Amino acid sequence: MSSVFVKLVLWAILSGVIFHFVAGIKHLIMDLGIGETLEGGKNLSVAVFVVAAIGILLAGVWIW
Amino acid sequence: MVTSVTSLGKNGLYDWLIQRATAVVLGVYFVVVVGFLSGNDELTYQAWRDFITCPAMLIFTSLALFSLAAHAWIGLWTVSTDYITTRQLGSKATALRLAFQAGYMVVNVVYVLWGFLILWGA
């Protein structure tokens with residue numbers, strides 16, 4: 001866990017999982033009937049990018 | 001239209017529900033494991049081993065492995081039936097899609113069996 005390469009690979013994998021996790025929660029929210037309009041979908045998509053980016057940054061802080 | 005002969009639930013509504021149910025299992029599992037790992041400042045191998053081999057976590061990890069296999073199958077089935085089609089790839093698409101799905105199914109089953117060997121053999 002001290003190798004930079006291992007940390008980068010771990011961060012890349014965690015980034016994928018975090019984005020998928022957040023985007024999946026968006027699906028569940030939309031399944032409840034929330035944000036099902038074109039504008040609502042766009043807003044939720046922006047929120048997914050923002051929340052996932054924060055999560056990915058936090059994961060980087062955690063790893064290093 | 002691509003027929004649903006290779007889909008997990010044989011019906012879009014079943015696949016939709018299985019995808020949601022397995023997503024919730026995997027989401028909770030991810031939060032629990034990351035919570036354990038990040039909540040322990042002085043994490044030792046023994047502490048990790050005790051956690052992951054306690055009966056509740058053995059069952060939860062097994063559940064997550066099944067869920068991952070079903071979730072990934074539905075996901076890749078959707079992607080392959082959307083993009084490996086005769087419209088995009090011509091007449092070879094059906095054979096190519098079947099080969100992809102068959103190959104992935106082998107990988108999927110191997111992952112589950114391998115995961116169970118690691119988990120319950122530990």
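The model is a predicted one, in which local features need pLDDT of at least 70 and side-chain atom pairs count only at pLDDT 80 or more, whereas totals for chains, interfaces and linings use all residues. Residues are numbered from 1 along each chain as its sequence is written, while chains are lettered from A and ligands numbered from 1 in the order in which they are written.

**Chain B as a whole**

I counted five helices and zero strands in chain B. The radius of gyration of chain B came out at 18 Å, well over the 14 Å that the globule rule gives for 122 residues, so chain B is more spread out than a compact globule; the radius is taken over C-alpha atoms, and the rule is 2.2 Å times the number of residues to the power 0.38. Along the principal axes, I noted a span of about 55 × 25 × 25 Å for the C-alpha trace of chain B.

I then looked up burial, for which a residue is buried if 20 or more other C-beta atoms lie within 10 Å of its own, exposed if 12 or fewer, and partly exposed in between, with C-beta atoms placed from the backbone. Of the 122 residues of chain B, 13% count as buried. For contacts I used C-beta atoms, placed from the backbone, that lie within 7 Å; among those in chain B between residues at least 6 apart in sequence, 64% join residues at least 24 apart.

**Helices α3 and α5 of chain B**

Two packed helices are described by the angle between their axes and the distance between the axes. I took axes as lines fitted to C-alpha atoms, for helices over the stretch in contact, with angles running from 0 to 180 degrees between N-to-C directions. In chain B, the axes of helix α3 (residues 55–83) and helix α5 (residues 93–121) come within 10 Å and cross at roughly 170°. The two helices, α3(B) and α5(B), are therefore roughly antiparallel to each other, given that angles under 35 degrees count as roughly parallel, over 145 as roughly antiparallel, 65 to 115 as roughly perpendicular and the rest as oblique.

Among the residues that meet there I noted B:Phe66, B:Trp73 and B:Trp77 in α3(B), and B:Phe100, B:Tyr104 and B:Tyr111 in α5(B). The residues of this contact divide into 14 nonpolar, seven polar and one charged, where Ala, Val, Leu, Ile, Met, Phe, Trp, Tyr, Cys and Pro count as nonpolar, Asp, Glu, Lys and Arg as charged, and the others, Gly among them, as polar.

I also looked up B:Gln88, which lies in helix α4 (residues 86–89) of chain B and is exposed, with 9 other C-beta atoms within 10 Å. Leaving aside neighbours within four places in sequence, B:Gln88 is in contact with B:Tyr83 and B:Ala93.

**Chain A**

For chain A I found two helices and zero strands. The radius of gyration of chain A is 14 Å, well over the 11 Å that the globule rule gives for 64 residues, so chain A is more spread out than a compact globule. Buried residues make up 3% of the 64 residues in chain A.

Helix α1 of chain A, α1(A), packs with helix α2 (residues 38–63) of chain A at an angle of about 150°, the axes being 9 Å apart, and that makes α1(A) roughly antiparallel to α2(A). I recorded A:Trp11, A:Phe19 and A:Met30 of α1(A) and A:Val48, A:Gly55 and A:Ile63 of α2(A) as being among the residues that make this contact. I placed A:Ala12 in α1 of chain A, where A:Ala12 is exposed, with 10 other C-beta atoms within 10 Å.

**Between the chains**

Helix α1(A) and helix α1 (residues 12–39) of chain B pack at about 135°, with their axes 11 Å apart, which makes α1(A) oblique to α1(B). This contact is made by A:Val17, A:Phe21, A:Gly24, A:Leu28 and A:Asp31 of α1(A) and by B:Arg20, B:Ala23, B:Gly27 and B:Phe30 of α1(B).

Key: Helices (H or I, at least four residues) and strands (E, at least two) are DSSP runs, numbered from the N terminus. Two residues are in contact if their C-beta atoms, placed from the backbone, lie within 7 Å.
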